[in-house]
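Trainee: I'd like to learn how to read the surroundings of a ligand. Could you take me through a case?

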Amino acid sequence: MVKICCIGAGYVGGPTMAVIALKCPKVEVAVVDISVPRITAWNSDQLPIYEPGLDDVVKQCRGKNLFFSTDVEKHVAEADIVFVSVNTPTKTRGLGAGKAADLTYWESAARMIADVSKSDKIVVEKSTVPVKTAEAIEKILTHNSKGINYQILSNPEFLAEGTAIKDLFNPDRVLIGGRETPEGLKAVNALKDVYAQWVPEDRIITTNLWSAELSKLAANAFLAQRISSVNAMSALCEATGADVAQVSYAVGTDSRIGPKFLNASVGFGGSCFQKDILNLVYICECNGLPEVAEYWRQVIKINDYQKNRFVNRIVASMFNTVANKKVAILGFAFKKDTGDTRETPAIDVCKGLLGDKAQLSIYDPQVTEDQIQRDLSMNKFDWDHPLHLQPMSPTTVKKVHCVWDAYDATKDAHAVCILTEWDEFKNLDFQRIYDNMQKPAFVFDGRNVVDANKLREIGFIVYSIGKPLDAWLKDMPAVA
Ligand SMILES: NC(=O)C1=CN([C@@H]2O[C@H](COP(=O)(O)OP(=O)(O)OC[C@H]3O[C@@H](n4cnc5c(N)ncnc54)[C@H](O)[C@@H]3O)[C@@H](O)[C@H]2O)C=CC1
Ligand SMILES: O=C(O)[C@H]1O[C@H](OP(=O)(O)OP(=O)(O)OC[C@H]2O[C@@H](n3ccc(=O)[nH]c3=O)[C@H](O)[C@@H]2O)[C@H](O)[C@@H](O)[C@@H]1O
């Protein structure tokens, strides 16, 4: 029986390994982590991450050929294939701070593999890493090899949160990069055999190591670039009276461009887009390509601009001050169908409003008050380290209240900000909300989920990203 071990039981390691276990009943899969609470949760009825369909997959395999454990060394020693899916945060100190990937966790995992291994192993990079990481890992492993043969593969993950199980069941492609040597090709084929249990062969792409590593960074940069492109257009739409949804549709029907990923928003969030682009920028700079670095940096700059523009629009519309006004925040997760708040635009919007002394009442169906308080008091990039290294007792942000109902959040509020596109926000009783709010009552829709015309009929002043502006908003211009 082939034995797989995955180091890192997070948003990628957990779901990916659960699906491998489900699709490959003859493979034994152990997912290991240094975080005791995380492993305890994986072994309980309350999984540590919310992901549609995940419970079902885990329930089918856990205890049969899928195991979650903190006994990292034992499972690594026994495995034929070791996936490494640990955090690769942005460095906060030293060389490359604010841009480069921090490979501390990767390096410690590689050293541990070298220490405990007694048999040959295929080591698979599942985390998103800088180009040429495989070379560094190879050096660590071979300098400590005790005669053991290691093959390093790059197998980046393309799943998106909220649709992880669907994406893993039916991926657009699986990418495997390896050394172009007989041993390298053999290792590539061994991993290909695992995926071939459910992924059609023509969707399994094999490349050299560096192409696989770079393709992951490139894919995320291209995706984020589309959002920054449409968000840049949204500002121009507001200035000209064009409607960004109509522009996106007209542009996206060109088959060379395609319709997906053209929704204007308050800005993209999530643990990876910003981190991976910063990493790409750093790699370009290190390779003497400042123009290329600046090109990609602009994707982040537009994203920051979009979040600032949204906050300024709110404050400007409400007579240039939100001090002591109750503002309801609907949605805190970085997108719907996940409880993940890493780099969510809601953090920047809330911090911006708190900077102007607003009182926030926040409702998200999947995010706890503890998490929100932690996010609003944490330093930039701290969130991307293993749980036990994150600040344990954050100071409570006093002007923030978290509630478990959209109606409670909006009661007596001056304004409602929609920051996540949860389906339930489309069907709220906005007449009831309006009746219980201060007047004039504002809605700032950062995800374009509500029917703005219906809300205007009720009496709201509505701002939707990239849509023709209400007369009220035109009279109160927001400077980003
Ligand atoms: N979240 C996502 O949707 C995607 C993430 N990625 C990449 O996958 C990697 C992992 O991301 P996530 O799963 O989101 O992170 P995560 O933070 O949810 O999980 C990482 C886990 O690794 C554990 N860990 C760290 N060092 C360890 C060590 N030495 N030994 C054992 N466990 C260790 C941590 O305790 C943590 O539970 C990152 O490189 C990320 O860029 C790639 C595609 C999608
Ligand atoms: O490397 C990663 O971590 C993953 O990053 C993204 O996945 P994810 O961040 O989970 O979610 P997305 O659906 O890409 O959304 C990212 C952000 O962009 C925003 N978005 C997305 C699409 C769009 O049209 N407009 C828009 O503002 C979302 O609301 C969200 O805040 C990629 O889609 C995955 O392929 C990749 O594996």
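Mentor: Happy to! Let's begin with the general idea: a polar contact is a pair of N or O atoms within 3.5 Å. Keep in mind that this is a predicted model.

Trainee: Which atom of glutamate 161 lies 2.8 Å from an oxygen atom of ligand 2?

Mentor: A backbone N or O atom of glutamate 161 lies at that distance. Leucine 159 also places a backbone N or O atom by an oxygen atom of ligand 2, at 2.7 Å. With lysine 335, a polar side-chain atom lies 2.8 Å from an oxygen atom of the ligand. As for cover, ligand 2 has 700 Å² of accessible area on its own, and the protein covers 89% of that.

Trainee: How many residues surround ligand 2?

Mentor: The count is 20, with Phe158, Leu159, Ser265, Cys272 and Arg447 the closest. By class, the shell holds 11 nonpolar, four polar and five charged residues. Helix H9, residues 209-240, gives the most to this shell: four residues.

Trainee: Where does cysteine 272 lie?

Mentor: Look in the loop between helix H10 (244-252) and helix H11 (273-286). An unreviewed UniProt entry lists Cys272 under "active site".

Trainee: Why is cysteine 272 called partly exposed?

Mentor: The general idea is that buried means under 20% relative accessible area and exposed means over 50%, with partly exposed in between. Cysteine 272 is partly exposed because its relative accessible area is 26%. Setting aside neighbours within four places in sequence, cysteine 272 is in contact with Asn220 and Ile277.

Methods:
Residues are numbered from 1 along each chain as its sequence is written. Chains are lettered from A and ligands numbered from 1 in the order in which they are written. This is a predicted model: local features need pLDDT of at least 70, side-chain atom pairs count only at pLDDT 80 or more; totals for chains, interfaces and linings use all residues. Side-chain values use heavy atoms; hydrogens and water are left out. A residue is near a molecule or strand if one of its heavy atoms lies within 4 Å of it. A polar contact is a pair of N or O atoms within 3.5 Å; within protein, one must be able to donate a hydrogen and the other to accept it, and residues adjacent in sequence count only if both atoms are side-chain atoms. Accessible areas come from the Shrake-Rupley method with a 1.4 Å probe; for residues, only the protein chains shown count as cover. Helices (H or I, at least four residues) and strands (E, at least two) are DSSP runs, numbered from the N terminus. Ala, Val, Leu, Ile, Met, Phe, Trp, Tyr, Cys and Pro count as nonpolar, Asp, Glu, Lys and Arg as charged, and the others, Gly among them, as polar. UniProt positions are given in the numbering used here, feature names are shortened, and annotations may be inferred rather than shown by experiment. Buried means under 20% relative accessible area, exposed over 50%, partly exposed in between (1.4 Å probe, protein chains only). Contact means heavy atoms within 4.5 Å.
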